[in-house]
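These entries record what I looked up in the structure shown below. I began with charged side chains and then turned to aromatic rings.

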Amino acid sequence: MRNRAFKIIATSIALLGLVGQPASALTVQKVPFVSQAPMGRWSDARQQNGCEEASVMMAMAWVRGKTLTKQKAEQDIIAVSKFEEKKYGSSTDTSAQDTARRILKGYFKYDRWVVAPIVSPNDIIRELNKGKIAIVPVNGRALKNPYYKPPGPRYHMLVIIGYDSTTKQFITNDPGTRRGAGYRYGRNRLFQALRDYPSGEHQPIAVKKKFAIFIEK
């Protein structure tokens, strides 16, 4: 009887320990990774400025359940860049809205996305918890990624694939480095780095706004 009572108490304590704990501290989607210069050809301007194209390619591989090879990814980044140049006159530094309209919708013919303003990290976390991923424009220098070529890109885009509530870190696929698969940024650091930019090569940023492209399958 004494042993039985002990087991009941132990079980009760274990169950109480679960109360108030999140169902999962880690929310992350399995999104294939590729850098914007998959074969390391950073001297090619189309790849050097290909963060938007690479980010969308990763998102679309996730949507379609496909993998990405370096060779095919390089070919596709160049193909998307040529499409933009022919249709829109430029493929460099596309804003969140233009990235979604020109590449997601225009090139890939995909429309299950929305571009939304971000006022707090929770705006992103809420959508991640719904099973979505996010493509965000950032000031890359503010991210302080040690693997960027110094001082880092001022106009950059990456994919947020998850959030770890235990460490308070966003989990990203960052195409700006070959080490970008599952790269983690602190919640506040990434939020502060969020900054949309106008389309066109390194155009002045008159008004600083934070946007994200939320994508669902």
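**Entry 1: a charged pair.** With which side chain does that of Glu 74 meet in a salt bridge? I note at the outset that the model is predicted. I found that Glu 74 pairs with Arg 41, at 2.8 Å from N to O. I then looked up where the two partners lie. Glu 74 has a relative accessible area of 11% and is buried, while Arg 41, at 43%, is partly exposed.

**Entry 2: the salt bridges of helix 6.** My search of the whole structure returned ten salt bridges. I recorded one between Asp 123 and Arg 126, whose closest N and O atoms are 3.5 Å apart. Both residues lie in helix 6 (residues 121-128), with a spacing of three residues, about one turn of the helix. Arg 126 also forms a salt bridge with Glu 127, for which the closest N and O atoms are 3.6 Å apart. Asp 123 counts as buried because its relative accessibility of 13% is under 20%. Glu 127 is likewise counted as buried, at 9%, but Arg 126 is partly exposed, at 43%.

**Entry 3: aromatic rings.** I counted seven aromatic pairs in the structure. In one of them, Tyr 107 and Phe 108 have ring centres 5.0 Å apart and planes at 80 degrees, so I class the pair as edge-to-face. Phe 108 is buried at 15% relative accessible area, whereas Tyr 107 is partly exposed at 30%. Tyr 155 and Tyr 197 form an edge-to-face pair as well, with 5.5 Å from centre to centre and 75 degrees between the planes. This pair links distant parts of the chain, 42 residues apart: Tyr 155 is in the loop between helix 7 (140-143) and strand 4 (156-164), and Tyr 197 is in the loop between helix 8 (187-193) and strand 7 (211-215). Both tyrosines, Tyr 155 and Tyr 197, are buried. I also noted one aromatic cluster formed by Phe 83, Tyr 88, Tyr 107 and Phe 108.

**Entry 4: a charge over a ring.** I found the charged end of Lys 210 over the ring of Phe 191, 4.8 Å from the ring centre.

**Entry 5: confidence.** I looked up the mean pLDDT of the protein chain, which is 90, with 89% of the residues at 70 or more. Over residues 1-23 pLDDT stays under 50, and the model has zero contacts beyond four places in sequence for them.

Notes:
Residues numbered from 1 in each chain as written. Heavy atoms only, no water. pLDDT = per-residue confidence, 0-100. Contact = heavy atoms within 4.5 Å. Phe/Tyr/Trp six-rings, centres within 6.5 Å; stacked < 30°, edge-to-face > 60°. Buried < 20%, exposed > 50% of the residue type's maximum accessible area, 1.4 Å probe, protein only. Helix = DSSP H or I, 4+ residues; strand = E, 2+ residues; numbered from the N terminus. Lys NZ or Arg CZ within 6 Å of the ring centre and 35° of its normal. Salt bridge = Lys/Arg side-chain N within 4 Å of Asp/Glu carboxyl O.
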